[in-house]
Amino acid sequence: MERAEPFGVPQVRPWSWQAFVLGLAIVAVSATVQGICVVLGAKLYFAAFLPSIFVVGILAGAPAAVFAAVLTVPVVWWAFMPPFFEFNPLTSANTDSINLFFLLAVLLIGLADLCRETMAMISRGGLRAPGESAPTNSQ
């Protein structure tokens, strides 16, 4: 695992097996949190999974975040969409929820990838220090 020095965020190489295991583990934790939310009365199917997609994207990269997003849909379909714990044909409302989740997941994965690249650039010293000024034109 690498460390991004300025932020202290541990990062995993994007296409490594550790990245995909991290994605699987975070989806499992999110499913547990979502189960608790459902017991408390929440009706939002993907509420606990969207932040986890962003976290996986920052820690493990875009491929693992895509894996986590694709893995989330069957988990939610099976465990959280009525009737619970069985696969039935999706209603149009459930299909719309899945489509909206995929749209938000793509946006979050893109944002996480930009954040990850920015942290890598800053840790390499690619940006000037705040006290430095840009060179001026002498003409």
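How many aromatic pairs does a search of the whole structure find? The search finds 7. Here, rings of Phe, Tyr and Trp (its six-membered ring) pair if their centres lie within 6.5 Å; planes under 30 degrees apart count as stacked, over 60 as edge-to-face and the rest as tilted.

**Before you click**

What you have open is a predicted model, in which local features need pLDDT of at least 70 and side-chain atom pairs count only at pLDDT 80 or more, while totals for chains, interfaces and linings use all residues. Residues are numbered from 1 along each chain as its sequence is written, and side-chain values use heavy atoms, with hydrogens and water left out.

**Stop 1: the whole chain**

Follow the sequence and the pattern reads β-β-α-α-α-α. Helices (H or I, at least four residues) and strands (E, at least two) are DSSP runs, numbered from the N terminus. Of the 139 residues, 30% count as buried. Buried means under 20% relative accessible area, exposed over 50%, and partly exposed in between (1.4 Å probe, protein chains only).

**Stop 2: a stacked pair**

Select F46 and F101. These two form an aromatic pair that is stacked, at 4.4 Å centre to centre with 15° between the planes. F46 lies in the loop between α1 and α2 (49-60) and F101 in helix α4 (residues 92-123), so the pair ties together parts that are 55 residues apart in sequence. Is F101 buried or exposed? F101 counts as buried, at 2% relative accessibility, and F46 counts as buried too, at 8%. While you are looking at rings, select W15, F20 and F67, which form one aromatic cluster.

**Stop 3: a serine in helix α1**

Now select S30, in helix α1 (residues 17-39). S30 counts as buried, with 6% relative accessibility. Which residues does S30 touch, not counting residues up to four places away in sequence? The answer is A48, F49 and S52; a contact means heavy atoms within 4.5 Å. Zoom in on A48: its backbone oxygen lies 3.5 Å from a polar atom of the S30 side chain.

**Stop 4: the loop between α3 and α4**

Move along to P82 and P83, which are joined by a cis peptide bond with omega of about -5°. P83 has its place in the loop between α3 and α4. F85 lies in that loop as well, and its phi is near 60°, a positive value in a residue other than glycine.

**Stop 5: a nonpolar patch**

Finish by selecting W78, F84, F85 and F87, which make a nonpolar surface patch of about 450 Å². Patches are made of residues with over 30% relative accessible area and no salt bridge: like charges are joined within 9 Å, nonpolar side chains (Val, Leu, Ile, Met, Phe, Trp, Tyr) within 5 Å. A salt bridge is a side-chain nitrogen of Lys or Arg within 4 Å of a carboxyl oxygen of Asp or Glu. Areas come from the Shrake-Rupley method with a 1.4 Å probe; for residues, only the protein chains shown count as cover.

- F84 is partly exposed, at 44% relative accessible area.
- F85 is exposed, at 54%.
- F87 counts as partly exposed, at 46% relative accessibility.

Stay on F87 and show its surroundings. Not counting residues up to four places away in sequence, F87 touches P74, W77 and W78. V75 is 12 residues from F87 in sequence and 10.0 Å away in space, C-alpha to C-alpha.

Definitions and conventions. A polar contact is a pair of N or O atoms within 3.5 Å; within protein, one must be able to donate a hydrogen and the other to accept it, and residues adjacent in sequence count only if both atoms are side-chain atoms.
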